[in-house]
Each structure stands twice: as C-alpha cells, then as structure tokens.
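Hello,

Here is the structure I promised to send over. Have a look around it first, and then read my notes below.

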Amino acid sequence: MILKIIHLNDEPAEFQGEVPSDFLDWEGFHPTGPVSYEINAWIQEDKIYAHGHIFCEGTVSCARCLEELPITLDVPDYAGCYDLPENGDLDLTPHFREEILIGLPSYKKCELDEHSKCPFSGRYWGDVFSGTPGPPLADHWAALDRLKIEKKNKDKN
Ligand SMILES: [Zn+2]
C-alpha cells in the first residue's frame, strides 16, 4: 500500500482498501484473501504517522492433526511513524507484513468436539487424551541405550 505525500497534511486523512496478500509470503500462513486496511495518516514535523486497523484471513497448520485451520490475523491497533520519503511515496506494505506476521500464533491446535473429534479432519483423538497410559518411560530409555550400543559397535567396525 503506497501512501502519497501529496495526499497528506497535518490533519488525519482516512485510507481504506485491500492489497493482494502475496507479499506476506510466509511458510506458516496461507492467506485466503487480501490484506484489508483502514488507516489514518498525517504529517507532523517531518514524520508520517499512520494508525489504524489491518487484517488478513488465512489458514495455519494444526499442530495436532496438520489440517489447515482458519484464522484471522488481526492488527486492531497498528501504529507507525516514518521519515518523510524523498521521492514522495511511502510504501507501507513491508510494515503491514511485519505487523501481521508478528500476530501469527506459534502453536495453533484444533478444538476437539464433545466426542474428541477434530471438526476439520474428523479424526478421533479420544484414545490419545483419555488418559490411557502409554508404554512406561523406562522402555524409551532402554531403546535409547540400545541405540547407543548399536552406534558404538558400528563405530568400532
Ligand atoms: Zn484437528
């Protein structure tokens, strides 16, 4: 989104619209629509100020079942202060990108329904979360020990 300085003065001016979301270009987030913005911008003492709301809808992978989960990345209180650009245009796109991607959750999991089923993948997770005891931890250590021994033997040969 390009702000043209000739459209700005010391009174906040309103800008709203959409820009294609391909600039987000982030492995963990798949946009399903454009980036929308509603911002005010103005100039004060050789600086451009921008303030408003930016958001984008998309999906992220579920940490449980790897299905794509819908998510809205919402920046309700975006605020920036920038130097006046020499050529008269200020590109807010990289700043939008930063703000939106900062809001990306590092860990997102589907909400299971009352039958312990994922509403997206339909998978049943009840056996995992019903408290059924897994193999005793000692088995894992024993397996690790065996691995070490195998490696040692390999190194000898
Ligand atoms: Zn799921």
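This is a predicted model: local features need pLDDT of at least 70, side-chain atom pairs count only at pLDDT 80 or more; totals for chains, interfaces and linings use all residues.

**What I found**

The chain contains 3 helices and 6 strands; here helices (H or I, at least four residues) and strands (E, at least two) are DSSP runs, numbered from the N terminus.

Residues are numbered from 1 along each chain as its sequence is written.

Let's start with strands β3 (residues 30-44) and β4 (residues 47-61). They pair in the antiparallel sense over 12 bridges; two strands pair if DSSP finds at least two bridges between them. One spot to look up is Ala41, whose bridge partner in β4 is Ala50. The two strands form a hairpin with 2 residues between them, and in its turn Glu45 has a positive phi of about 45°.

Next, β4 also pairs with β5 (residues 68-83), again in the antiparallel sense, over 14 bridges. There, Cys56 is opposite Leu73 of β5. The hairpin of β4 and β5 has 6 residues between the strands, and Leu66 takes a positive phi near 65°.

Finally, the whole chain. Of its 157 residues, 12% are buried, meaning that 20 or more other C-beta atoms, placed from the backbone, lie within 10 Å of the residue's own. Among contacts (C-beta atoms, placed from the backbone, within 7 Å) with a separation of 6 or more, 62% join residues 24 or more positions apart.

Happy exploring!

Note on methods. Two residues are in contact if their C-beta atoms, placed from the backbone, lie within 7 Å.
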